[in-house]
Amino acid sequence: NDFTALDILPHRRYVVDKAAAGQTCSRRKFILLYLNHKWIYTEFWIDPNNQLVFDTFDRAVRANPSAHPLFHSDRGYQYTNRQFKAKLDGIHATQSMSRPGRCIDNGPMEGFWGILKSEMYYLRQFHTFEELKKAIDEHIDFYNTRRLQAKLKGLAPLAYRNQTLVA
């Protein structure tokens with residue numbers, strides 16, 4: 001699929017995933033929501049559960065009530081249950097999932113995990129959950145505002161999005 005047009009317009013494509021992180025600090029999970037070359041809505045929790053995924057989704061909907069996005073995710077239980085499908089239907093979103101074992105639809109998220117791990121996570125030692133959370137938040141800010149990318153014409157994601165919207 002060619003999602004280029006969806007990447008330019010705000011709140012047309014949401015990409016979501018969850019991941020585990022832990023070193024000497026306790027093992028924690030976090031979720032990220034990606035909107036048009038911008039990473040937003042980071043949530044952290046100890047035990048994965050549907051409610052935290054729902055809360056993150058609801059937060060995005062409250063911030064953008066007129067959005068009817070294409071919603072990409074993996075096939076995790078949080079995204080395949082009836083309650084979550086009802087939430088998507090409630091905002092007229094289209095759900096998108098690749099076949100099991102393939103992450104084509106969720107490629108931007110899987111790519112970001114690799115970037116986050118290689119540029120920040122594997123390079124540092126975290127002794128507390130607060131250190132890890134702060135480092136992730138700082139890296140997301142760096143990624144959105146200062147990390148230049150060839151695929152975005154040498155601009156950082158927010159600069160590219162803002163330039164595209166003005167044109």
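Me: Why does Phe126 count as buried?
Reply: Buried means under 20% relative accessible area, with exposed over 50% and partly exposed in between (1.4 Å probe, protein chains only). Phe126 has 1% relative accessibility, so it counts as buried. This is a predicted model, where local features need pLDDT of at least 70, side-chain atom pairs count only at pLDDT 80 or more, and totals for chains, interfaces and linings use all residues. Residues are numbered from 1 along each chain as its sequence is written, and side-chain values use heavy atoms, leaving out hydrogens and water.

Me: What makes Tyr121 buried?
Reply: Its relative accessible area is 12%, so Tyr121 is buried by that cut-off.

Me: How many aromatic pairs are there?
Reply: Rings of Phe, Tyr and Trp (its six-membered ring) pair if their centres lie within 6.5 Å; planes under 30 degrees apart are stacked, over 60 edge-to-face, and the rest tilted. The count is nine aromatic pairs.

Me: Why is the pair of Phe112 and Trp113 called tilted?
Reply: Their ring centres are 6.4 Å apart and the planes stand at 50°, so the pair is tilted. Phe112 and Trp113 are both buried.

Me: What makes Tyr121 and Phe126 a stacked pair?
Reply: The centres are 6.0 Å apart, with 15° between the planes.

Me: Which residues of α5 and α6 make the contact between them?
Reply: Helix α5 (residues 107-119) passes α6 (residues 129-145) with axes within 11 Å, crossing at roughly 115°. Contact means heavy atoms within 4.5 Å. On α5 the residues are Phe112, Ile115, Leu116 and Glu119, and on α6 they are His139, Ile140, Phe142 and Tyr143.

Notes:
Axes are lines fitted to C-alpha atoms, for helices over the stretch in contact, and angles run from 0 to 180 degrees between N-to-C directions. Helices (H or I, at least four residues) and strands (E, at least two) are DSSP runs, numbered from the N terminus.
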